[in-house]
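Here is a short report on one protein chain. Take a look at the model first, then read on.

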Amino acid sequence: MIDKIHHVGVVVPDADEALGFFRDVMGLEVTEDRTIEAQGVRGVLLGVGENEIELLQPTRDDTGVARYLESKGPTLHHICFRTDDIIGELARLKGQGVELIDEEPREGLAGQIAFIHPKSAHGVLVELAQPPEGAHSSDEKGFDHLAMLVADLDVANQTWDGLIGFKVTNEIRPPGRSMVIAQMPVSQCMIELLAAESDDSPLAARVAEAGESASSMVAIEVTDIEGEIARYREAGYELADAAPGPLPNSVTSTISAAQAFGLGIQLIEFRN
């Protein structure tokens, strides 16, 4: 069974430098820090409530992660979902005709892992992980939401239901944005499928030019957004003043991906 997002993986050139932001400024706790020689990567996991952020630093130039970093720069690499039966999940997906990178699980930073090809997940590299006993675990809310850009909402909904067993339960149409935000709850996090409502919308042009993909951003709920903005500004980061967001009753401000080692951090507060 798949029950939640385990982590989002971000490829970075220097994990120690990135820890200066994620650990020292954001205040996240390192839950694992290990070099996996067979994969040519150093991985660092940091807890965010029930979820985690994984920093991936290539340790050799001849690996897929190194080539990804060279071609795209620091950015989101994959999204990982937790399961308690990775062998069973792989057998299920294989039976559905899903294209797998790994037909058998292998050892990774998050435990026993396997990857699904982006062709089967609307351009998103998906990892499944069965963590070992004693791994990081929390009942606290972590990510509020993360977003995926899709060309056809109905097709994407069916795909993600087939892959991970979660469905869209709500749709939001922000005024003046020519888009629909379809919300798919995965434990305490929302995966947002963003689709254009017209062919001439900016989102439609973006998907047509760059293809379907996951946005390199996670949103984290805060209770005092002005205080958080002040804290990050004092640490030297540039953030806009809090402004109404596309979600109902929300105000947001974002630490850009350029400042946060490839992963934008949206601060979001919900107000009645």
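Phe-21, Phe-22, Tyr-232 and Tyr-237 form one aromatic cluster. Keep in mind that the model is predicted. By the pairing rule, the count comes to four aromatic pairs. Two of them share Phe-21, and the table gives their geometry.

| Pair | Centre to centre | Angle between planes | Type |
|---|---|---|---|
| Phe-21 and Tyr-232 | 6.4 Å | 40 degrees | tilted |
| Phe-21 and Tyr-237 | 5.2 Å | 55 degrees | tilted |

Phe-21 sits in helix H1 (residues 15-22) and Tyr-232 in helix H6 (residues 225-234). The two are 211 residues apart, so this pair links distant parts of the chain. Tyr-237 lies in the loop between H6 and strand S15 (243-244). Its pair with Phe-21 therefore ties together parts that are 216 residues apart in sequence. The charged end of Arg-231 sits over the ring of Tyr-232, 4.5 Å from its centre.

Next comes helix H2, residues 64-72. Val-65, Ala-66 and Leu-69 are buried there. Seen down the axis of H2, the buried residues fall within an arc of 105 degrees, so they line one face of the helix. An α-helix has 3.6 residues a turn, so residues three or four places apart point the same way. On the other side of H2, Glu-70, Ser-71 and Lys-72 are exposed. What do the buried residues of H2 pack against? Their partners are four strands: S1 (2-11), S3 (41-48), S4 (51-58) and S5 (75-83). After H2 comes Gly-73, with a positive phi near 80 degrees.

Eight of its eight residues are buried, so S3 is largely enclosed by the rest of the structure. Val-41, Gly-43, Leu-45 and Gly-47 point one way from S3. Arg-42, Val-44, Leu-46 and Val-48 point the other way. Both sets are buried.

S3 has strand partners as well. Strand S2 (residues 29-36) joins S3 through seven bridges, and the two run antiparallel. Within this pairing, Arg-34 has Gly-43 as its bridge partner. S2 and S3 form a hairpin with four residues between them. Gly-40 in that turn has a positive phi of about 65 degrees. S4 joins S3 through eight bridges, again antiparallel. Here Gly-47 stands opposite Glu-52. S3 and S4 also form a hairpin, with two residues between them. In its turn, Gly-49 has a positive phi of about 60 degrees.

Last, look at strand S12, residues 189-196. How many of its eight residues are buried? The count is six, and S12 is mostly covered. Strand S9 (residues 143-149) runs parallel to S12, with five bridges joining them. Leu-146 stands opposite Ile-191 in S12. Strand S11 (residues 179-186) pairs with S12 in the antiparallel sense over eight bridges. Ile-181 has Leu-194 of S12 as its bridge partner. S11 and S12 form a hairpin with two residues between them. Ser-187 in the turn has a positive phi of about 60 degrees.

Technical notes
Residues numbered from 1 in each chain as written. Predicted model: local features only at pLDDT ≥ 70, side-chain atom pairs only at ≥ 80, totals over all residues. Heavy atoms only, no water. Buried < 20%, exposed > 50% of the residue type's maximum accessible area, 1.4 Å probe, protein only. Arc of directions from axis to C-beta. Contact = heavy atoms within 4.5 Å. Phe/Tyr/Trp six-rings, centres within 6.5 Å; stacked < 30°, edge-to-face > 60°. Lys NZ or Arg CZ within 6 Å of the ring centre and 35° of its normal. Pairing = 2+ DSSP bridges.
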